[in-house]
Amino acid sequence: MLKERLKEYIDANVPIIYINSHDDLSVEKTLLQVTGRRIVWEWNRMDGLLNRKEIKKKEMIGIREPLNSGCTLEQLLERGVKEREFNRKVILLKDIAAYLEDAEIVALLKNACLRIEAGELDTVFIFISPILRIPKELEKYITVLHEGYLKEDEIRNEIQTFAEENAVGNVYSKTVEEMTTAFKGLSALEINTILSLAYSRDGGLTGSALGLVLEQKKQMIQKAGILEMLPIREGMEDIGGLDNLKTWIENKAKILKNMKQAKGFGVELPKGVLIAGVPGCGKSLNAKASAKLLGVPLLKLDMGRLMGKYVGESESNMRQAIALAEAISPCVLWVDELEKAFAGIGGNGGGAEVTTRLFGQFLTWMQEKDSPVFVVATANDIMKLPPELMRKGRFDEIFYVQLPNSAERKKIFEIHIRKRRGQDLADIDIQKLVHMTDGYSGADIEGVVKEGIESAFIKGKTSVSTEDLTTAIRSTYPLKEIMGDSIKKLEEEYKNRKFKSAS
Ligand code: ADP
């Protein structure tokens with residue numbers, strides 16, 4: 001936990017402890033508990049220099065006495081070292097990330113760190129910031145601490161403390177348990193905010209607080225900016241064909257939905273699936289439908305967003321993304337266009353090295369993962385994926401998705417017509433459409449249905465006919481024509497590699 005680690009590092013005279021957190025209030029509270037006799041000085045841009053004293057009352061986080069409201073960070077660092085004002089002090093710097101781009105500030109901090117290392121100065125710098133930015137010059141002096149998410153018993157503790165402090169009265173143990181599960185992934189501050197909101201709204205703590213949690217989690221994910229929580233609409237019934245893949249996912253869902261019993265029986269927790277194949281044939285659809293089938297949140301990991309420009313930033317983002325997914329689990333983590341994410345692995349130069357490290361981090365996590373984060377990775381071009389990814393132990397299974405065969409095209413037509421013009425379905429000659437659409441992808445077929453319906457409407461018709469749809473087919477280029485030979489090559493490659501067919 002943060003508290004113990006922080007105490008350890010302060011006692012060990014680490015020059016700079018960089019706490020990567022959004023929740024500076026709860027981190028501060030923890031910090032003030034472990035600083036012992038040391039005086040805590042805080043500098044921030046708004047207030048200047050403050051003297052922070054710990055006080056005992058629980059609801060207050062510490063006294064904020066202004067020492068020098070006009071003091072700049074440069075002045076502080078200069079004087080603090082020169083006049084030895086920093087001696088026996090903890091110097092708390094908040095929202096420091098922007099200042100770490102300033103060469104002057106970095107040089108002053110480095111000078112202070114050298115003095116600390118030489119034993120001339122007895123000081124610890126604490127940075128608290130949601131952004132992790134480590135200048136090369138300070139790399140060896142900085143120890144990074146990530147604020148871990150609360151464990152179940154800690155969450156339970158927060159709920160009980162809140163109930164006691166606010167004299168909430170009796171809270172059903174079932175409600176406490178439900179809340180504990182729902183609060184996973186939230187910080188102490190966020191949990192307390194939701195509890196206060198629910199309490200002032202309902203006059204007690206009831207199951208209705210749970211509704212606030214999903215909203216809070218969505219916001220938290222948005223704030224972190226690394227994962228995206230997607231709305232869940234499509235289910236397995238919206239996928240035409242791909243029966244092997246669907247059955248496989250349905251079986252894994254039986255395990256994930258009965259995790260306790262399954263584990264007790266000796267079944268291993270599913271890790272996830274890699275779905276490769278031509279675009280527009282239902283890979284993403286499967287990721288979304290898995291979340292619906294499991295009844296859990298759907299998180300999308302966008303590798304492009306992970307890449308940061310500072311040393312360690314990308315790795316820290318990846319760590320944060322994984323921690324967030326694990327904290328929110330059970331969930332589905334969808335990694336889209338996996339091949340793009342890991343392009344350039346093994347190459348030279350800064351960018352490629354970072355990608356290689358990120359890739360390693362992801363593989364290790366997949367290998368060791370024992371949380372109910374079900375990973376659905378999708379890829380259009382398997383040739384660009386490094387072979388390590390395909391080794392056993394990473395994904396439970398790898399499927400390839402081809403262009404739909406005639407039976408599948410029939411189902412796809414039916415799904416999309418039923419969704420929009422169910423009343424016309426019986427009068428449409430689906431078989432004719434199926435014959436005309438060899439080489440069309442699922443997305444092509446959806447496009448044909450949309451176009452046919454639109455043109456019937458524009459013509460002022462009262463229903464959609466087979467002819468409206470055949471006209472739309474004639475004006476659409478099938479994917480097979482657009483992709484040409486590359487489709488054949490891909491399919492041969494999948495067979496060579498012995499991937500399972502999704503159909
Ligand atoms: P990709 O394989 O590139 O991830 P998507 O799953 O995003 O393709 O498909 C794009 C759209 O095409 C879907 O939202 C869906 O409307 C339609 N589609 C593709 N395949 C199917 C299918 N097998 N059944 C029903 N609709 C499909």
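Which atom of cysteine 281 is 3.1 Å from an oxygen atom of the ligand? Select the ligand and that residue in this predicted model: the atom is a polar one of the cysteine 281 backbone.

Next, show the side chain of serine 284, where a polar atom lies 2.4 Å from an oxygen atom of the ligand.

Now select the whole shell. It has 16 residues around the ligand, of which Gly240, Gly280, Lys283, Ser284 and Glu446 come nearest. Coloured by residue class, the shell divides into seven nonpolar, six polar and three charged residues. Helix H11 (283-294), H16 and H18 each supply at least two residues of this shell.

The crossing of H16 past H18 is right-handed. On the H16 side, the contact is made by Arg409, Ile412, Phe413, His416, Ile417, Arg420 and Arg421. H18 brings Gly442, Ile445, Glu446, Val448, Val449, Lys450 and Ile453. By class, the residues of this contact are seven nonpolar, two polar and five charged.

Finish on Glu446: this residue of H18 takes part in the contact with H16, and is among the residues that come nearest to the ligand.

Conventions. Residues numbered from 1 in each chain as written. Predicted model: local features only at pLDDT ≥ 70, side-chain atom pairs only at ≥ 80, totals over all residues. Heavy atoms only, no water. Left-handed = near helix turned anticlockwise from the far one by under 90°. Helix = DSSP H or I, 4+ residues; strand = E, 2+ residues; numbered from the N terminus. Contact = heavy atoms within 4.5 Å. Nonpolar A, V, L, I, M, F, W, Y, C, P; charged D, E, K, R; others polar. Near = heavy atom within 4 Å. Polar contact = N/O pair within 3.5 Å; in protein donor to acceptor, adjacent residues only side chain to side chain.
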